[in-house]
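I opened this model to look up a few local details and some packing. My notes follow in the order I took them.

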Amino acid sequence: MALVELYRTTGNRADLELAGYLLSGVERERLKLSDSQVTYMFSGKPFTSRTEVEGHAVRAMYASSGATDYYLETGDPAYWKTLNRLWDDLTSSKMYITGGVGSRASGEAFGVSYELPNQQAYGESCAAIANLMFNWRMLMATAESRYADVMERALYNGINSGMSLDGTTYCYRNPLESTGEKIRNPWYETTCCPPNLERTFAALPGYMYAVNEKGIYANLYHASDMSWHLPGGEALQIVERTEYPWQGAIHFTVNPARTLETSVFLRIPGWSTGTTVLVNGKAWSAAPVAGHYLEIHRAWKTGDRIDLNLDMRTRLMTANPLLREDAGRVAVERGPIVYCLESADQPMLPSLFDAVLSGGEDFQMQYRADLLGGLMELRHTGVVSAKSAASEPLYRELGATSRATRPVTLTFIPYYAWANRGPLPMEVWVPYQRVER
Ligand SMILES: [Zn+2]
(Lines give C-alpha, C1' and ligand atoms only; values in the text may rest on other atoms or scores of the structure.)
Protein backbone atom coordinates (compact mmCIF):
# COMPACT_ATOMS: atom_id res chain seq x y z
CA MET A 1 0.00 0.00 0.00
CA ALA A 2 2.73 2.44 0.99
CA LEU A 3 4.80 1.84 -2.14
CA VAL A 4 1.83 2.35 -4.47
CA GLU A 5 0.92 5.51 -2.55
CA LEU A 6 4.52 6.70 -2.90
CA TYR A 7 4.33 6.02 -6.66
CA ARG A 8 1.08 8.01 -6.88
CA THR A 9 2.80 10.91 -5.16
CA THR A 10 6.20 10.84 -6.85
CA GLY A 11 5.33 9.32 -10.23
CA ASN A 12 8.49 7.25 -9.81
CA ARG A 13 7.77 3.95 -11.59
CA ALA A 14 10.41 2.13 -9.52
CA ASP A 15 8.16 2.47 -6.44
CA LEU A 16 5.32 0.68 -8.23
CA GLU A 17 7.71 -1.95 -9.57
CA LEU A 18 9.01 -2.64 -6.07
CA ALA A 19 5.41 -3.24 -4.93
CA GLY A 20 5.00 -5.70 -7.81
CA TYR A 21 8.29 -7.36 -6.87
CA LEU A 22 7.08 -7.95 -3.29
CA LEU A 23 3.71 -9.25 -4.52
CA SER A 24 5.48 -11.66 -6.89
CA GLY A 25 6.78 -13.64 -3.90
CA VAL A 26 10.35 -13.94 -5.21
CA GLU A 27 11.67 -12.82 -1.83
CA ARG A 28 10.88 -16.27 -0.46
CA GLU A 29 14.25 -17.66 -1.49
CA ARG A 30 16.34 -14.84 -0.02
CA LEU A 31 14.35 -14.85 3.23
CA LYS A 32 14.24 -18.66 3.34
CA LEU A 33 10.54 -18.70 4.27
CA SER A 34 9.02 -22.04 5.30
CA ASP A 35 5.66 -23.19 3.94
CA SER A 36 3.94 -22.21 7.19
CA GLN A 37 5.53 -18.75 7.04
CA VAL A 38 4.29 -18.30 3.46
CA THR A 39 0.79 -19.04 4.76
CA TYR A 40 1.07 -17.00 7.98
CA MET A 41 2.63 -13.92 6.30
CA PHE A 42 0.49 -14.12 3.17
CA SER A 43 3.72 -13.46 1.32
CA GLY A 44 6.46 -15.44 -0.36
CA LYS A 45 4.51 -16.86 -3.28
CA PRO A 46 2.99 -15.07 -6.28
CA PHE A 47 -0.08 -13.16 -5.11
CA THR A 48 -1.78 -14.20 -8.34
CA SER A 49 -1.40 -17.88 -7.37
CA ARG A 50 -3.50 -17.40 -4.21
CA THR A 51 -6.90 -19.10 -4.19
CA GLU A 52 -8.14 -18.39 -0.65
CA VAL A 53 -7.71 -16.06 2.29
CA GLU A 54 -5.61 -17.82 4.93
CA GLY A 55 -2.96 -17.20 7.53
CA HIS A 56 -2.73 -14.06 9.66
CA ALA A 57 -5.95 -12.18 8.93
CA VAL A 58 -4.51 -8.67 9.14
CA ARG A 59 -1.57 -9.56 6.91
CA ALA A 60 -3.83 -11.27 4.36
CA MET A 61 -6.18 -8.26 4.22
CA TYR A 62 -3.34 -5.71 4.06
CA ALA A 63 -1.67 -7.72 1.28
CA SER A 64 -4.98 -7.85 -0.58
CA SER A 65 -5.37 -4.08 -0.09
CA GLY A 66 -1.88 -3.47 -1.49
CA ALA A 67 -2.56 -5.85 -4.39
CA THR A 68 -5.79 -3.94 -5.17
CA ASP A 69 -3.79 -0.70 -5.23
CA TYR A 70 -1.27 -2.37 -7.54
CA TYR A 71 -4.11 -3.54 -9.80
CA LEU A 72 -5.62 -0.02 -9.85
CA GLU A 73 -2.30 1.37 -11.20
CA THR A 74 -1.40 -1.48 -13.58
CA GLY A 75 -4.75 -2.97 -14.68
CA ASP A 76 -3.13 -6.42 -14.60
CA PRO A 77 -6.05 -8.86 -15.17
CA ALA A 78 -4.32 -11.71 -13.30
CA TYR A 79 -4.49 -9.58 -10.14
CA TRP A 80 -8.14 -8.73 -10.72
CA LYS A 81 -9.03 -12.41 -11.07
CA THR A 82 -7.25 -13.29 -7.83
CA LEU A 83 -8.71 -10.34 -5.91
CA ASN A 84 -12.24 -11.39 -6.83
CA ARG A 85 -11.54 -14.99 -5.91
CA LEU A 86 -10.21 -13.94 -2.50
CA TRP A 87 -13.15 -11.58 -1.91
CA ASP A 88 -15.63 -14.34 -2.76
CA ASP A 89 -13.87 -16.74 -0.39
CA LEU A 90 -13.84 -14.10 2.35
CA THR A 91 -17.47 -13.02 2.13
CA SER A 92 -19.04 -16.41 1.36
CA SER A 93 -17.50 -18.41 4.21
CA LYS A 94 -14.91 -16.61 6.38
CA MET A 95 -16.43 -13.32 7.60
CA TYR A 96 -18.41 -12.77 10.79
CA ILE A 97 -21.79 -11.05 10.61
CA THR A 98 -20.02 -8.14 12.36
CA GLY A 99 -17.59 -7.74 9.45
CA GLY A 100 -14.86 -9.08 11.74
CA VAL A 101 -12.42 -11.60 10.26
CA GLY A 102 -9.85 -14.04 11.62
CA SER A 103 -11.41 -16.96 13.51
CA ARG A 104 -8.40 -18.40 15.31
CA ALA A 105 -6.31 -17.04 18.16
CA SER A 106 -3.48 -19.34 17.05
CA GLY A 107 -1.62 -17.37 14.40
CA GLU A 108 -4.35 -14.66 14.57
CA ALA A 109 -5.55 -16.52 11.52
CA PHE A 110 -8.39 -17.23 9.17
CA GLY A 111 -9.98 -20.63 9.74
CA VAL A 112 -11.23 -22.96 7.04
CA SER A 113 -14.56 -22.19 5.35
CA TYR A 114 -17.44 -21.79 7.83
CA GLU A 115 -15.08 -22.00 10.80
CA LEU A 116 -16.56 -19.00 12.59
CA PRO A 117 -16.79 -19.76 16.32
CA ASN A 118 -18.52 -17.13 18.45
CA GLN A 119 -16.98 -17.32 21.90
CA GLN A 120 -13.55 -18.28 20.60
CA ALA A 121 -13.68 -15.75 17.76
CA TYR A 122 -10.45 -13.83 17.37
CA GLY A 123 -11.79 -11.02 15.20
CA GLU A 124 -8.93 -8.63 15.89
CA SER A 125 -9.95 -4.97 15.66
CA CYS A 126 -7.15 -4.44 13.11
CA ALA A 127 -8.53 -7.26 10.94
CA ALA A 128 -11.99 -5.66 10.71
CA ILE A 129 -10.26 -2.39 9.82
CA ALA A 130 -8.20 -4.20 7.18
CA ASN A 131 -11.43 -5.70 5.81
CA LEU A 132 -12.80 -2.16 5.41
CA MET A 133 -9.56 -1.05 3.73
CA PHE A 134 -9.65 -3.96 1.23
CA ASN A 135 -13.32 -3.36 0.42
CA TRP A 136 -12.74 0.39 0.01
CA ARG A 137 -10.17 -0.37 -2.68
CA MET A 138 -12.44 -2.92 -4.40
CA LEU A 139 -15.15 -0.23 -4.36
CA MET A 140 -12.73 2.24 -5.98
CA ALA A 141 -11.95 -0.35 -8.67
CA THR A 142 -15.59 -1.05 -9.54
CA ALA A 143 -18.09 1.47 -8.07
CA GLU A 144 -20.09 -1.62 -7.01
CA SER A 145 -22.23 -1.17 -3.92
CA ARG A 146 -21.59 -4.64 -2.47
CA TYR A 147 -18.10 -3.59 -1.41
CA ALA A 148 -19.46 -0.55 0.43
CA ASP A 149 -21.99 -2.87 2.13
CA VAL A 150 -19.10 -4.86 3.62
CA MET A 151 -17.33 -1.64 4.63
CA GLU A 152 -20.45 -0.47 6.45
CA ARG A 153 -20.93 -3.86 8.14
CA ALA A 154 -17.35 -3.83 9.42
CA LEU A 155 -17.42 -0.16 10.41
CA TYR A 156 -20.59 -0.13 12.54
CA ASN A 157 -19.95 -3.48 14.18
CA GLY A 158 -16.58 -5.28 14.19
CA ILE A 159 -14.58 -2.02 14.08
CA ASN A 160 -16.80 0.13 16.29
CA SER A 161 -16.80 -2.54 19.01
CA GLY A 162 -13.02 -2.15 19.25
CA MET A 163 -13.01 1.12 21.19
CA SER A 164 -14.98 1.73 24.39
CA LEU A 165 -17.63 4.45 24.28
CA ASP A 166 -15.47 6.76 26.41
CA GLY A 167 -12.51 6.22 24.06
CA THR A 168 -10.12 4.99 26.76
CA THR A 169 -10.13 1.19 26.48
CA TYR A 170 -9.84 -1.15 23.52
CA CYS A 171 -10.68 -4.65 22.36
CA TYR A 172 -7.95 -6.62 20.69
CA ARG A 173 -10.30 -9.59 20.18
CA ASN A 174 -13.93 -8.98 19.26
CA PRO A 175 -15.81 -12.20 20.11
CA LEU A 176 -19.52 -12.63 19.33
CA GLU A 177 -20.24 -14.39 22.60
CA SER A 178 -18.76 -14.01 26.06
CA THR A 179 -19.23 -15.48 29.51
CA GLY A 180 -17.93 -12.22 30.94
CA GLU A 181 -14.18 -12.12 30.40
CA LYS A 182 -12.42 -8.75 30.60
CA ILE A 183 -12.25 -7.76 26.96
CA ARG A 184 -11.53 -4.03 27.01
CA ASN A 185 -8.13 -2.83 28.21
CA PRO A 186 -6.28 0.50 28.17
CA TRP A 187 -3.27 -0.88 26.32
CA TYR A 188 -1.75 -4.04 24.84
CA GLU A 189 1.76 -5.39 24.62
CA THR A 190 1.17 -5.53 20.87
CA THR A 191 -0.21 -2.05 20.45
CA CYS A 192 -1.58 -2.23 16.90
CA CYS A 193 -5.31 -1.97 17.63
CA PRO A 194 -5.63 1.26 19.71
CA PRO A 195 -3.88 3.59 17.20
CA ASN A 196 -5.40 1.71 14.25
CA LEU A 197 -8.91 2.41 15.60
CA GLU A 198 -8.04 6.05 16.25
CA ARG A 199 -6.66 6.69 12.78
CA THR A 200 -9.64 4.86 11.19
CA PHE A 201 -12.17 7.05 13.00
CA ALA A 202 -10.10 10.13 12.15
CA ALA A 203 -10.02 9.10 8.46
CA LEU A 204 -13.77 8.34 8.20
CA PRO A 205 -14.76 11.48 6.26
CA GLY A 206 -12.53 10.29 3.40
CA TYR A 207 -14.60 7.12 3.00
CA MET A 208 -18.04 8.74 2.82
CA TYR A 209 -18.00 10.10 -0.74
CA ALA A 210 -16.08 9.27 -3.91
CA VAL A 211 -15.95 10.85 -7.37
CA ASN A 212 -15.21 9.69 -10.89
CA GLU A 213 -15.87 11.06 -14.39
CA LYS A 214 -19.57 10.09 -14.09
CA GLY A 215 -20.24 12.06 -10.90
CA ILE A 216 -20.24 11.72 -7.12
CA TYR A 217 -21.00 8.63 -5.03
CA ALA A 218 -22.46 8.65 -1.51
CA ASN A 219 -20.99 5.48 0.03
CA LEU A 220 -21.61 5.90 3.75
CA TYR A 221 -24.31 8.03 5.35
CA HIS A 222 -23.98 10.43 8.25
CA ALA A 223 -24.89 14.01 9.10
CA SER A 224 -22.14 15.96 7.34
CA ASP A 225 -21.09 18.88 5.15
CA MET A 226 -19.06 17.90 2.09
CA SER A 227 -17.12 20.39 -0.05
CA TRP A 228 -15.19 18.86 -2.92
CA HIS A 229 -14.91 18.95 -6.69
CA LEU A 230 -15.48 16.59 -9.59
CA PRO A 231 -12.48 15.30 -11.61
CA GLY A 232 -13.13 18.13 -14.11
CA GLY A 233 -12.67 20.68 -11.32
CA GLU A 234 -16.36 21.68 -10.84
CA ALA A 235 -16.88 22.70 -7.21
CA LEU A 236 -19.66 20.96 -5.35
CA GLN A 237 -21.05 21.10 -1.83
CA ILE A 238 -23.44 18.53 -0.36
CA VAL A 239 -25.14 19.06 3.00
CA GLU A 240 -26.46 15.86 4.58
CA ARG A 241 -28.85 15.83 7.54
CA THR A 242 -29.95 12.59 9.17
CA GLU A 243 -30.35 10.60 12.38
CA TYR A 244 -28.87 7.57 10.60
CA PRO A 245 -28.13 4.83 11.64
CA TRP A 246 -31.09 5.11 14.07
CA GLN A 247 -33.48 6.49 11.44
CA GLY A 248 -33.61 5.76 7.70
CA ALA A 249 -34.50 9.29 6.55
CA ILE A 250 -31.49 11.01 4.94
CA HIS A 251 -31.83 14.52 3.49
CA PHE A 252 -29.30 15.98 1.06
CA THR A 253 -29.01 19.50 -0.28
CA VAL A 254 -26.86 19.67 -3.41
CA ASN A 255 -25.06 22.97 -3.97
CA PRO A 256 -22.91 23.18 -7.11
CA ALA A 257 -20.94 26.39 -7.63
CA ARG A 258 -22.92 26.86 -10.86
CA THR A 259 -25.58 24.74 -12.60
CA LEU A 260 -23.94 21.36 -13.12
CA GLU A 261 -25.06 18.40 -15.20
CA THR A 262 -23.74 15.31 -13.47
CA SER A 263 -24.82 12.22 -11.56
CA VAL A 264 -25.27 11.77 -7.85
CA PHE A 265 -25.07 8.07 -6.98
CA LEU A 266 -26.78 6.95 -3.76
CA ARG A 267 -25.79 3.60 -2.27
CA ILE A 268 -28.91 1.54 -1.61
CA PRO A 269 -27.71 -0.97 1.03
CA GLY A 270 -28.34 -4.65 0.32
CA TRP A 271 -30.57 -4.82 3.42
CA SER A 272 -32.80 -1.90 2.36
CA THR A 273 -35.47 -3.61 0.27
CA GLY A 274 -38.12 -0.89 0.67
CA THR A 275 -36.24 2.28 -0.25
CA THR A 276 -37.79 5.50 -1.57
CA VAL A 277 -35.98 8.42 -3.20
CA LEU A 278 -37.45 11.88 -3.82
CA VAL A 279 -35.73 14.61 -5.84
CA ASN A 280 -37.09 18.07 -5.03
CA GLY A 281 -40.13 16.36 -3.48
CA LYS A 282 -40.98 14.10 -6.45
CA ALA A 283 -40.31 10.36 -6.71
CA TRP A 284 -37.22 9.80 -8.87
CA SER A 285 -38.04 8.10 -12.19
CA ALA A 286 -35.82 5.05 -11.62
CA ALA A 287 -36.63 2.67 -8.77
CA PRO A 288 -33.94 2.12 -6.13
CA VAL A 289 -32.58 -1.44 -6.10
CA ALA A 290 -31.15 -2.90 -2.90
CA GLY A 291 -27.45 -3.64 -3.22
CA HIS A 292 -26.83 -1.13 -6.04
CA TYR A 293 -26.13 2.55 -6.46
CA LEU A 294 -29.08 4.60 -7.68
CA GLU A 295 -27.91 7.07 -10.34
CA ILE A 296 -29.63 10.47 -10.31
CA HIS A 297 -28.48 12.27 -13.46
CA ARG A 298 -29.72 15.81 -14.01
CA ALA A 299 -28.74 19.45 -14.17
CA TRP A 300 -28.19 20.32 -10.49
CA LYS A 301 -28.88 23.80 -9.16
CA THR A 302 -27.98 25.19 -5.77
CA GLY A 303 -30.56 24.13 -3.19
CA ASP A 304 -31.73 20.98 -4.99
CA ARG A 305 -32.90 18.40 -2.51
CA ILE A 306 -32.74 14.61 -2.33
CA ASP A 307 -34.73 12.69 0.29
CA LEU A 308 -33.54 9.12 0.73
CA ASN A 309 -35.59 6.82 2.95
CA LEU A 310 -33.95 3.52 3.80
CA ASP A 311 -35.87 0.48 5.03
CA MET A 312 -35.12 0.28 8.75
CA ARG A 313 -37.23 -2.71 9.72
CA THR A 314 -35.53 -5.03 12.17
CA ARG A 315 -34.36 -8.27 10.57
CA LEU A 316 -33.85 -11.75 11.98
CA MET A 317 -30.78 -13.21 10.30
CA THR A 318 -29.81 -16.86 9.96
CA ALA A 319 -26.43 -18.30 9.04
CA ASN A 320 -25.54 -20.75 6.29
CA PRO A 321 -26.32 -24.29 7.56
CA LEU A 322 -22.64 -25.19 7.08
CA LEU A 323 -21.83 -22.68 9.81
CA ARG A 324 -22.60 -25.34 12.41
CA GLU A 325 -22.14 -23.17 15.48
CA ASP A 326 -25.02 -20.88 14.50
CA ALA A 327 -27.48 -23.71 13.71
CA GLY A 328 -30.83 -23.04 15.40
CA ARG A 329 -29.82 -19.46 16.19
CA VAL A 330 -30.66 -16.03 14.86
CA ALA A 331 -28.88 -12.69 14.90
CA VAL A 332 -30.75 -9.39 15.01
CA GLU A 333 -29.97 -6.56 12.58
CA ARG A 334 -31.52 -3.16 12.10
CA GLY A 335 -30.10 -0.97 9.35
CA PRO A 336 -26.33 -1.47 9.40
CA ILE A 337 -26.30 -2.39 13.11
CA VAL A 338 -25.85 -5.91 14.45
CA TYR A 339 -27.44 -6.35 17.87
CA CYS A 340 -26.61 -8.50 20.87
CA LEU A 341 -28.01 -9.56 24.22
CA GLU A 342 -25.98 -8.41 27.21
CA SER A 343 -26.84 -9.64 30.70
CA ALA A 344 -27.14 -6.12 32.18
CA ASP A 345 -30.32 -5.56 30.15
CA GLN A 346 -32.01 -8.85 31.20
CA PRO A 347 -32.72 -8.52 34.94
CA MET A 348 -35.38 -11.26 34.72
CA LEU A 349 -32.96 -13.88 33.40
CA PRO A 350 -31.03 -16.08 35.83
CA SER A 351 -28.53 -16.68 33.01
CA LEU A 352 -28.25 -15.07 29.60
CA PHE A 353 -27.69 -18.46 28.02
CA ASP A 354 -31.04 -19.86 29.23
CA ALA A 355 -32.92 -17.54 26.88
CA VAL A 356 -34.53 -18.48 23.57
CA LEU A 357 -35.92 -15.90 21.17
CA SER A 358 -39.36 -16.85 19.86
CA GLY A 359 -41.82 -15.53 17.29
CA GLY A 360 -41.32 -13.38 14.21
CA GLU A 361 -39.82 -10.00 13.33
CA ASP A 362 -42.14 -8.13 15.69
CA PHE A 363 -39.69 -5.96 17.63
CA GLN A 364 -40.49 -3.01 19.83
CA MET A 365 -37.97 -0.23 19.62
CA GLN A 366 -37.15 2.76 21.70
CA TYR A 367 -34.43 5.37 21.37
CA ARG A 368 -32.61 5.53 24.71
CA ALA A 369 -30.66 8.78 24.97
CA ASP A 370 -29.62 7.79 28.50
CA LEU A 371 -28.15 4.41 27.62
CA LEU A 372 -24.55 3.86 26.48
CA GLY A 373 -24.13 7.15 24.66
CA GLY A 374 -27.59 7.02 23.07
CA LEU A 375 -28.85 4.09 21.06
CA MET A 376 -31.91 2.38 19.61
CA GLU A 377 -32.89 -0.40 21.98
CA LEU A 378 -34.89 -3.36 20.66
CA ARG A 379 -37.18 -5.65 22.61
CA HIS A 380 -38.59 -9.01 21.63
CA THR A 381 -40.46 -11.86 23.27
CA GLY A 382 -38.56 -14.93 24.29
CA VAL A 383 -38.83 -17.86 26.61
CA VAL A 384 -36.62 -19.10 29.37
CA SER A 385 -36.72 -22.50 31.05
CA ALA A 386 -38.36 -22.37 34.48
CA LYS A 387 -35.41 -24.27 35.90
CA SER A 388 -31.92 -22.95 35.27
CA ALA A 389 -30.11 -25.06 32.68
CA ALA A 390 -27.14 -25.22 35.06
CA SER A 391 -29.20 -27.51 37.31
CA GLU A 392 -29.80 -30.01 34.48
CA PRO A 393 -27.54 -32.98 33.63
CA LEU A 394 -24.89 -32.56 30.95
CA TYR A 395 -26.71 -35.03 28.65
CA ARG A 396 -30.23 -36.37 28.64
CA GLU A 397 -32.39 -38.36 26.25
CA LEU A 398 -34.45 -36.12 24.01
CA GLY A 399 -38.01 -36.13 25.30
CA ALA A 400 -37.05 -37.76 28.61
CA THR A 401 -37.80 -34.52 30.41
CA SER A 402 -40.14 -31.82 29.27
CA ARG A 403 -38.72 -28.43 30.10
CA ALA A 404 -41.23 -26.02 31.57
CA THR A 405 -40.73 -22.51 30.21
CA ARG A 406 -41.98 -19.05 30.99
CA PRO A 407 -42.15 -16.02 28.69
CA VAL A 408 -39.61 -13.21 29.03
CA THR A 409 -38.82 -9.97 27.26
CA LEU A 410 -35.37 -9.92 25.69
CA THR A 411 -33.67 -6.53 25.34
CA PHE A 412 -31.12 -6.08 22.57
CA ILE A 413 -28.44 -3.40 22.30
CA PRO A 414 -26.06 -2.74 19.40
CA TYR A 415 -23.11 -5.13 19.48
CA TYR A 416 -20.60 -2.29 19.37
CA ALA A 417 -21.83 -1.03 22.77
CA TRP A 418 -21.20 -4.24 24.69
CA ALA A 419 -18.73 -4.50 27.57
CA ASN A 420 -19.07 -0.84 28.45
CA ARG A 421 -20.65 -1.64 31.83
CA GLY A 422 -17.90 -3.99 32.96
CA PRO A 423 -17.21 -7.53 31.75
CA LEU A 424 -20.62 -9.20 31.27
CA PRO A 425 -22.08 -12.22 29.49
CA MET A 426 -23.11 -11.38 25.91
CA GLU A 427 -24.26 -13.18 22.78
CA VAL A 428 -24.98 -12.15 19.18
CA TRP A 429 -26.37 -15.47 17.89
CA VAL A 430 -29.40 -16.27 20.05
CA PRO A 431 -31.17 -19.66 20.15
CA TYR A 432 -34.45 -19.40 18.30
CA GLN A 433 -37.77 -21.21 18.20
CA ARG A 434 -40.72 -20.36 16.02
CA VAL A 435 -43.78 -20.49 18.25
CA GLU A 436 -47.04 -21.85 16.82
CA ARG A 437 -49.86 -19.80 18.19
ZN1 LIG B 1 -4.46 -4.99 16.14
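**Entry 1: a threonine in a loop**

I started with T302 and skipped its neighbours within four places in sequence; the contacts left are N255 and P256. I noted that the model is a predicted one. T302 sits in the loop between β12 (292–300) and β13 (304–309). A residue needs 20 or more to be buried, and 12 or fewer to be exposed. I also checked T302 against R59, which is 243 residues away along the chain. Their C-alpha atoms are separated by 45 Å.

**Entry 2: domains**

I looked up how the chain is divided. Domain 1 covers 2–203, domain 2 covers 209–309 and domain 3 covers 314–433. The C-alpha centres of domain 1 and domain 3 are 30 Å apart. How many residues of domain 1 are in contact with domain 3? I found 23 residues of domain 1 in contact with 24 residues of domain 3. On the domain 1 side, two elements give two or more residues: α8 (145–159) and β2 (177–178). The largest share, four residues, comes from α8. By class, I have eight nonpolar, nine polar and six charged residues on the side of domain 1 that touches domain 3.

**Entry 3: α7 against α8**

Next I followed α8 to its packing with helix α7, residues 125–142. The angle between them is about 160 degrees, and the axes lie 8 Å apart. Angles over 145 degrees count as roughly antiparallel. α7 and α8 are therefore roughly antiparallel to each other. I recorded the crossing of α7 and α8 as left-handed.

Which residues meet here? From α7 I listed S125, A128, I129, N131, L132, N135, W136, M138, L139 and T142. From α8 they meet Y147, A148, V150, M151, A154, L155, G158 and I159. By class, the contact of α7 with α8 has 13 nonpolar residues, five polar and no charged.

I then looked at the loop between α7 and α8, where A143 is placed. A143 is not a glycine, but its phi is positive, about 60 degrees. I counted 15 C-beta neighbours inside 10 Å, so A143 counts as partly exposed.

**Entry 4: α7 against α9**

α7 also packs on helix α9, residues 193–203. Here the angle is about 35 degrees, with the axes 9 Å apart. The crossing of α7 with α9 is left-handed. S125, C126 and I129 in α7 meet C193, N196, L197 and T200 in α9. I sorted the contact of α7 with α9 into four nonpolar, three polar and no charged residues.

**Entry 5: α2 against α5**

I moved on to helix α2, residues 13–23, and helix α5, residues 57–74. Their axes come within 10 Å and cross at roughly 130 degrees. L16, A19, G20 and L23 in α2 meet G66, A67, Y70 and E73 in α5. By class, the contact of α2 with α5 splits into five nonpolar, two polar and one charged.

**Entry 6: backbone checks**

What is the phi of E108? I read a value near 45 degrees, positive in a residue other than glycine. E108 lies in the loop between α6 (77–93) and α7. With 22 C-beta neighbours inside 10 Å, E108 counts as buried. For A143, I had a count of 15 and a partly exposed residue.

Which residues does a cis peptide bond join? I found Y244 and P245, with omega about 10 degrees. P245 is in the loop between β7 (235–242) and β8 (249–256).

Key. Residues numbered from 1 in each chain as written. Predicted model: local features only at pLDDT ≥ 70, side-chain atom pairs only at ≥ 80, totals over all residues. Domains from an automatic or database assignment. Contact = placed C-beta atoms within 7 Å. Nonpolar A, V, L, I, M, F, W, Y, C, P; charged D, E, K, R; others polar. Axes fitted to C-alpha atoms, helices over the stretch in contact; angles between N-to-C directions. Parallel < 35°, antiparallel > 145°, perpendicular 65-115°, else oblique. Left-handed = near helix turned anticlockwise from the far one by under 90°.
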